[in-house]
Amino acid sequence: IYVTHDQVEAMTLADRIVVLNHGVIEQVGAPLELYHHPRNLFVAGFIGSPKMNFVAGTVAAAGERGVTVRLDGVGAEVTVPCRPGATRPGDTVTFGIRPEHLSEDGTGEALIRGEVQVVERLGSETFLYVRMADGDLLVVKASGVSRARPGDAVAVGVAASDGFVFDAQGLALPAAGQAAIAAAVP
(Lines give C-alpha, C1' and ligand atoms only; values in the text may rest on other atoms or scores of the structure.)
Protein backbone atom coordinates (compact mmCIF):
# COMPACT_ATOMS: atom_id res chain seq x y z
CA ILE A 1 0.00 0.00 0.00
CA TYR A 2 1.34 3.40 -0.99
CA VAL A 3 -0.37 6.67 -0.08
CA THR A 4 0.01 9.76 -2.27
CA HIS A 5 -1.83 12.98 -3.06
CA ASP A 6 -0.20 13.07 -6.48
CA GLN A 7 -2.60 11.54 -8.99
CA VAL A 8 0.09 11.26 -11.69
CA GLU A 9 2.22 9.23 -9.28
CA ALA A 10 -0.79 7.04 -8.42
CA MET A 11 -1.60 6.47 -12.10
CA THR A 12 1.96 5.41 -12.94
CA LEU A 13 2.70 3.22 -9.90
CA ALA A 14 -0.59 1.56 -9.00
CA ASP A 15 -2.33 -1.60 -10.11
CA ARG A 16 -5.41 -0.43 -8.20
CA ILE A 17 -6.25 3.00 -6.86
CA VAL A 18 -8.55 3.93 -4.00
CA VAL A 19 -9.72 7.52 -4.50
CA LEU A 20 -10.52 9.16 -1.16
CA ASN A 21 -12.35 12.42 -0.61
CA HIS A 22 -12.25 13.65 3.01
CA GLY A 23 -11.92 10.06 4.21
CA VAL A 24 -14.76 8.71 2.04
CA ILE A 25 -13.92 6.15 -0.66
CA GLU A 26 -15.23 7.56 -3.94
CA GLN A 27 -14.09 4.77 -6.29
CA VAL A 28 -11.72 1.81 -6.43
CA GLY A 29 -10.23 0.49 -9.65
CA ALA A 30 -7.35 0.13 -12.05
CA PRO A 31 -5.84 3.46 -13.17
CA LEU A 32 -7.31 3.37 -16.68
CA GLU A 33 -10.68 2.19 -15.37
CA LEU A 34 -10.86 5.32 -13.19
CA TYR A 35 -9.68 7.46 -16.10
CA HIS A 36 -12.17 6.11 -18.66
CA HIS A 37 -15.09 5.38 -16.31
CA PRO A 38 -15.09 7.84 -13.40
CA ARG A 39 -17.99 7.28 -11.03
CA ASN A 40 -18.52 10.95 -10.21
CA LEU A 41 -17.33 14.53 -10.69
CA PHE A 42 -14.72 14.23 -7.95
CA VAL A 43 -12.98 11.21 -9.51
CA ALA A 44 -13.30 12.69 -13.03
CA GLY A 45 -11.66 15.93 -11.92
CA PHE A 46 -8.96 14.24 -9.87
CA ILE A 47 -7.73 11.62 -12.35
CA GLY A 48 -6.02 13.03 -15.45
CA SER A 49 -3.55 15.80 -16.09
CA PRO A 50 -4.62 18.41 -16.91
CA LYS A 51 -7.93 17.68 -15.27
CA MET A 52 -11.21 17.13 -17.08
CA ASN A 53 -13.11 20.20 -18.29
CA PHE A 54 -16.58 20.68 -16.82
CA VAL A 55 -19.33 22.72 -18.49
CA ALA A 56 -22.74 23.37 -16.94
CA GLY A 57 -25.60 22.17 -19.08
CA THR A 58 -29.24 21.29 -19.42
CA VAL A 59 -30.66 18.09 -20.88
CA ALA A 60 -32.24 18.94 -24.25
CA ALA A 61 -33.20 15.34 -25.11
CA ALA A 62 -32.65 11.81 -23.84
CA GLY A 63 -33.17 8.73 -25.93
CA GLU A 64 -31.64 5.82 -27.81
CA ARG A 65 -28.75 7.90 -29.22
CA GLY A 66 -27.82 9.13 -25.77
CA VAL A 67 -28.27 12.35 -23.84
CA THR A 68 -28.19 15.67 -25.69
CA VAL A 69 -26.85 18.43 -23.46
CA ARG A 70 -27.27 22.14 -24.19
CA LEU A 71 -24.10 23.74 -22.85
CA ASP A 72 -25.22 26.72 -20.82
CA GLY A 73 -23.84 30.03 -21.99
CA VAL A 74 -21.72 28.71 -24.86
CA GLY A 75 -24.28 28.15 -27.63
CA ALA A 76 -23.57 24.49 -28.36
CA GLU A 77 -25.28 21.14 -27.98
CA VAL A 78 -23.57 17.76 -27.66
CA THR A 79 -25.02 14.27 -27.76
CA VAL A 80 -23.15 11.90 -25.47
CA PRO A 81 -23.71 8.17 -26.04
CA CYS A 82 -24.75 7.32 -22.51
CA ARG A 83 -27.79 5.74 -20.93
CA PRO A 84 -30.33 8.40 -20.13
CA GLY A 85 -30.99 6.95 -16.67
CA ALA A 86 -33.23 9.24 -14.70
CA THR A 87 -32.47 12.36 -16.74
CA ARG A 88 -35.23 14.18 -18.53
CA PRO A 89 -35.30 17.27 -20.74
CA GLY A 90 -34.82 20.32 -18.58
CA ASP A 91 -32.65 18.59 -15.95
CA THR A 92 -29.45 20.33 -14.88
CA VAL A 93 -26.32 18.30 -15.65
CA THR A 94 -22.57 18.77 -16.06
CA PHE A 95 -20.83 17.87 -19.31
CA GLY A 96 -17.27 16.61 -18.84
CA ILE A 97 -14.62 16.38 -21.56
CA ARG A 98 -10.90 15.75 -21.31
CA PRO A 99 -8.48 18.22 -22.96
CA GLU A 100 -7.31 15.57 -25.44
CA HIS A 101 -10.89 15.14 -26.72
CA LEU A 102 -11.10 18.75 -27.84
CA SER A 103 -9.60 19.94 -31.10
CA GLU A 104 -8.05 23.25 -31.94
CA ASP A 105 -9.02 22.81 -35.60
CA GLY A 106 -12.77 22.63 -34.93
CA THR A 107 -13.30 18.98 -35.84
CA GLY A 108 -15.92 17.22 -33.76
CA GLU A 109 -19.64 16.93 -33.25
CA ALA A 110 -20.01 20.43 -31.81
CA LEU A 111 -18.14 23.72 -31.63
CA ILE A 112 -17.40 25.89 -28.62
CA ARG A 113 -16.23 29.37 -29.52
CA GLY A 114 -13.85 31.27 -27.35
CA GLU A 115 -10.68 33.31 -27.05
CA VAL A 116 -7.25 31.91 -26.27
CA GLN A 117 -6.06 33.36 -22.96
CA VAL A 118 -2.86 31.38 -22.35
CA VAL A 119 -0.69 29.16 -24.55
CA GLU A 120 1.45 26.62 -22.68
CA ARG A 121 4.03 25.12 -25.05
CA LEU A 122 5.55 21.88 -23.81
CA GLY A 123 7.37 20.68 -26.93
CA SER A 124 5.41 17.70 -28.20
CA GLU A 125 2.11 19.22 -27.07
CA THR A 126 0.59 22.61 -26.38
CA PHE A 127 -2.16 23.41 -23.91
CA LEU A 128 -4.54 26.21 -24.86
CA TYR A 129 -6.56 27.88 -22.14
CA VAL A 130 -9.66 29.18 -23.92
CA ARG A 131 -12.15 31.60 -22.34
CA MET A 132 -15.66 30.56 -23.38
CA ALA A 133 -18.57 32.97 -23.84
CA ASP A 134 -19.81 32.20 -20.32
CA GLY A 135 -16.43 33.29 -18.89
CA ASP A 136 -15.19 29.84 -17.87
CA LEU A 137 -11.88 28.41 -19.08
CA LEU A 138 -11.59 25.34 -21.26
CA VAL A 139 -8.26 23.50 -21.53
CA VAL A 140 -7.50 22.12 -25.00
CA LYS A 141 -4.62 19.76 -25.74
CA ALA A 142 -3.20 20.78 -29.12
CA SER A 143 -0.16 19.65 -31.06
CA GLY A 144 3.31 20.91 -30.22
CA VAL A 145 3.33 22.97 -33.41
CA SER A 146 0.12 24.87 -32.62
CA ARG A 147 0.22 28.42 -33.97
CA ALA A 148 -2.33 29.73 -31.47
CA ARG A 149 -1.54 32.91 -29.60
CA PRO A 150 -3.22 34.72 -26.73
CA GLY A 151 -6.10 36.80 -28.07
CA ASP A 152 -6.89 34.46 -30.99
CA ALA A 153 -10.54 33.61 -31.55
CA VAL A 154 -10.99 29.84 -31.86
CA ALA A 155 -13.78 27.36 -32.53
CA VAL A 156 -12.91 24.32 -30.45
CA GLY A 157 -14.23 21.01 -31.76
CA VAL A 158 -15.83 18.67 -29.23
CA ALA A 159 -15.58 14.88 -29.58
CA ALA A 160 -18.88 14.37 -27.76
CA SER A 161 -18.58 10.60 -28.09
CA ASP A 162 -15.69 10.83 -25.60
CA GLY A 163 -17.63 13.09 -23.23
CA PHE A 164 -19.34 12.37 -19.92
CA VAL A 165 -22.63 13.48 -18.44
CA PHE A 166 -22.94 13.91 -14.67
CA ASP A 167 -26.36 14.26 -13.07
CA ALA A 168 -27.34 16.93 -10.55
CA GLN A 169 -25.87 14.79 -7.73
CA GLY A 170 -22.52 14.60 -9.59
CA LEU A 171 -22.83 10.92 -10.55
CA ALA A 172 -21.74 9.83 -14.03
CA LEU A 173 -24.37 8.43 -16.36
CA PRO A 174 -23.08 5.06 -17.63
CA ALA A 175 -21.97 4.83 -21.26
CA ALA A 176 -24.41 3.15 -23.61
CA GLY A 177 -24.11 -0.60 -23.08
CA GLN A 178 -22.23 -0.16 -19.78
CA ALA A 179 -23.65 -1.27 -16.47
CA ALA A 180 -24.00 1.36 -13.77
CA ILE A 181 -20.59 2.39 -12.49
CA ALA A 182 -19.90 0.45 -9.34
CA ALA A 183 -19.98 2.11 -5.99
CA ALA A 184 -16.74 2.67 -4.18
CA VAL A 185 -15.84 -0.73 -2.75
CA PRO A 186 -15.68 -3.83 -5.02
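**Strand pairing, nonpolar cores and aromatic contacts**

In the predicted model, Thr126 stands opposite Ala142, a residue of strand β10. The two strands concerned, β9 (residues 125-132) and β10 (residues 137-143), pair in the antiparallel sense, and seven bridges are found between them. Four residues lie between the strands of this hairpin, and Gly135 takes a positive phi near 95° there.

The largest nonpolar core comprises 31 residues, within which Leu71 and Val78 have the most contacts. At least two residues of this core are supplied by each of β3 (53-63), β4 (66-71), β5 (76-80), β6 (92-97), β8 (110-121), β9, β10 and β11 (153-158), and the largest share, four residues, comes from β8. When residues up to four places away in sequence are not counted, Leu71 touches Val55, Ala56, Gly57, Ala76, Val78, Phe95 and Ile112.

Phe42 and Phe46 are separated by about one helical turn, because they are four residues apart in helix α3 (residues 41-46). Phe42 is partly exposed at 32% relative accessibility, and Phe46 is likewise partly exposed, with a relative accessible area of 30%.

An edge-to-face arrangement is found for the aromatic pair of Phe54 and Phe166, with 6.0 Å from centre to centre and 80° between the planes. Because Phe54 lies in strand β3 and Phe166 in strand β12 (residues 164-166), this pair ties together parts that are 112 residues apart in sequence. With a relative accessible area of 26%, Phe54 is partly exposed, whereas Phe166, at 0%, is buried. Together with Phe164, the residues Phe54 and Phe166 form one aromatic cluster.

Methods: Residues are numbered from 1 along each chain as its sequence is written. This is a predicted model: local features need pLDDT of at least 70, side-chain atom pairs count only at pLDDT 80 or more; totals for chains, interfaces and linings use all residues. Side-chain values use heavy atoms; hydrogens and water are left out. Two strands pair if DSSP finds at least two bridges between them. A nonpolar core is a set of buried Ala, Val, Leu, Ile, Met, Phe, Trp, Tyr and Cys residues joined through side-chain atoms within 4.5 Å. Buried means under 20% relative accessible area, exposed over 50%, partly exposed in between (1.4 Å probe, protein chains only). Contact means heavy atoms within 4.5 Å. Rings of Phe, Tyr and Trp (its six-membered ring) pair if their centres lie within 6.5 Å; planes under 30 degrees apart count as stacked, over 60 as edge-to-face and the rest as tilted.
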